[in-house]
Amino acid sequence: MVLCLITASSTFNLQPGCSRYLHKCMRIQNCGRYLMKHVDITRQKIIPSARVDTVGLEVFVVSDLHTEYAENMAWLKGLPKKGKKKEVLLVAGDVAETYEKFVLTMSLLKASFEHVFFVPGNHDLWLRREKENYIDSLQKLDKMLDACQRLGVETNPSVIDGLAIIPLFSWYHESFDKEKDIPGILIPSLELACKDFRACKWPDGLTNGDNSLATHFDAMNDKNKDAVQEMLASCNQIISFSHFIPRLELCPEKRMLFYPNLPKMIGSDFLEARIRYIHGARGNTNACHIFGHTHFCWDVLLDGIRYVQAPLAYPRERKRRMNGGEDWLPFCIYSKGELTENMSPCYWSDYYASNPRTPDVTELAPWVARFYRKL
């Protein structure tokens, strides 16, 4: 995702005791100037989920490819071509900003993986750089889904070697955020901070200002209700995936974020309801949901479901986050008939594994407070 102010993924992916320095440039909206900051980072590497000669089905996951960036496209072109074994890739949205780049990206992914699944993210529906004059973002979505069908990219639920894979369409809504706001500071509005308000275009009756977009995208899943029901009856192992996040616990607390109102534009309660219908209220040892959007690496078990985010993200973000990305993505989530071990290190989910979530604490973290003046 993109914020016009300070990117959410600039937050707290930092550790003391580093061996190298990183210049981090953050734009401050109020004064329009840039601050340069030396930041110490430690890079513990995630062990690459190498595509070796493993017997049986393997499922890899990635989100937020953003291949309009040359570095990301170069990473994509460097992926090995598909071999004899059965490999699946789940792409959890934000592939590319333009239709042309989207088609190229998905074509390259199909050259690397036998099966590719996709759900759209917000960037995929932006219109600001499109050569074609789309009526609205839904028309562009229809064209993208048609392209997927031509390319053999799957956007509907499917069963492969007994594993059910269920893509879930979604969109965010402001009421998803139910935690305390940060008082006493001037926080730029969602309309100012989020480019979706200007880069997307919607037909009458759909707007980012209410739940209408979230309910519209959620309803797109209804056509697969019978297929999903059959999978629930016949499959013991199910992986679902979406672009947006289904639970607030999958995002840092507001006081930790450079844009504290980020939780108002990242997730959907309707999405979590779908996930619980699929995996059960208590989940199970084989329940897993993949998501994207916030660009935070995440791997956690909540109420019996494993939630995972493995974003490629922007080149500048990979340079400063503790686990990089180019050398271990896509992440292998399923191999040898079972879910793989947790992604590690994942700074935020590791942090919350040892520290309770305290959303009632509204004092800004020191690295955030310096960018806001008290009213």
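**Exercise 1. Classify Lys-201 as buried, partly exposed or exposed, and find where Lys-201 lies and what Lys-201 touches.**

Step 1. Lys-201 has a relative accessible area of 47%, so Lys-201 counts as partly exposed, given that buried means under 20% relative accessible area, exposed over 50%, and partly exposed in between, with a 1.4 Å probe and protein chains only. The model is a predicted one, in which local features need pLDDT of at least 70 and side-chain atom pairs count only at pLDDT 80 or more, while totals for chains, interfaces and linings use all residues. Residues are numbered from 1 along each chain as its sequence is written, and side-chain values use heavy atoms, with hydrogens and water left out.

Step 2. Lys-201 lies in the loop between α5 (196-199) and α6, where helices (H or I, at least four residues) and strands (E, at least two) are DSSP runs numbered from the N terminus.

Step 3. Leaving aside residues up to four places away in sequence, Lys-201 touches Leu-127, Ile-135, Asp-136 and Ser-137, a contact being heavy atoms within 4.5 Å. Asp-136 is 65 residues from Lys-201 along the chain, and the C-alpha atoms of the two are separated by 4.9 Å.

**Exercise 2. Name the buried residues of helix α6 and the helices against which they pack.**

Step 1. Helix α6 covers residues 212-219, and its buried residues are Ser-212, Leu-213, Ala-214, Phe-217 and Asp-218.

Step 2. These buried residues of α6 pack against α3 (137-151) and α8 (269-279).

**Exercise 3. Work out how helices α1 and α2 are oriented to each other, and which residues make their contact.**

Step 1. The axes of α1 (residues 70-77) and α2 come within 10 Å and cross at roughly 25°; axes are lines fitted to C-alpha atoms, for helices over the stretch in contact, and angles run from 0 to 180 degrees between N-to-C directions.

Step 2. The two helices, α1 and α2, are therefore roughly parallel to each other, since angles under 35 degrees count as roughly parallel, over 145 as roughly antiparallel, 65 to 115 as roughly perpendicular and the rest as oblique.

Step 3. On the α1 side the contact is made by Met-73, Leu-76 and Lys-77, and on the α2 side by Lys-101, Leu-104, Thr-105, Leu-108 and Leu-109.

**Exercise 4. Find the order of the six-stranded sheet, and how β8 and β9 pair.**

Step 1. The six strands form an open sheet with mixed pairing, in the order β6-β7-β8-β9-β11-β10.

Step 2. At the edges stand β6 (158-160) and β10 (298-302), each with a single partner strand, so one side of each is left without a neighbour in the sheet.

Step 3. Strands β8 (residues 237-241) and β9 (residues 287-291) pair in the parallel sense over four bridges, and Phe-241 stands opposite Ile-290 in β9.

Definitions and conventions: Pairing = 2+ DSSP bridges.
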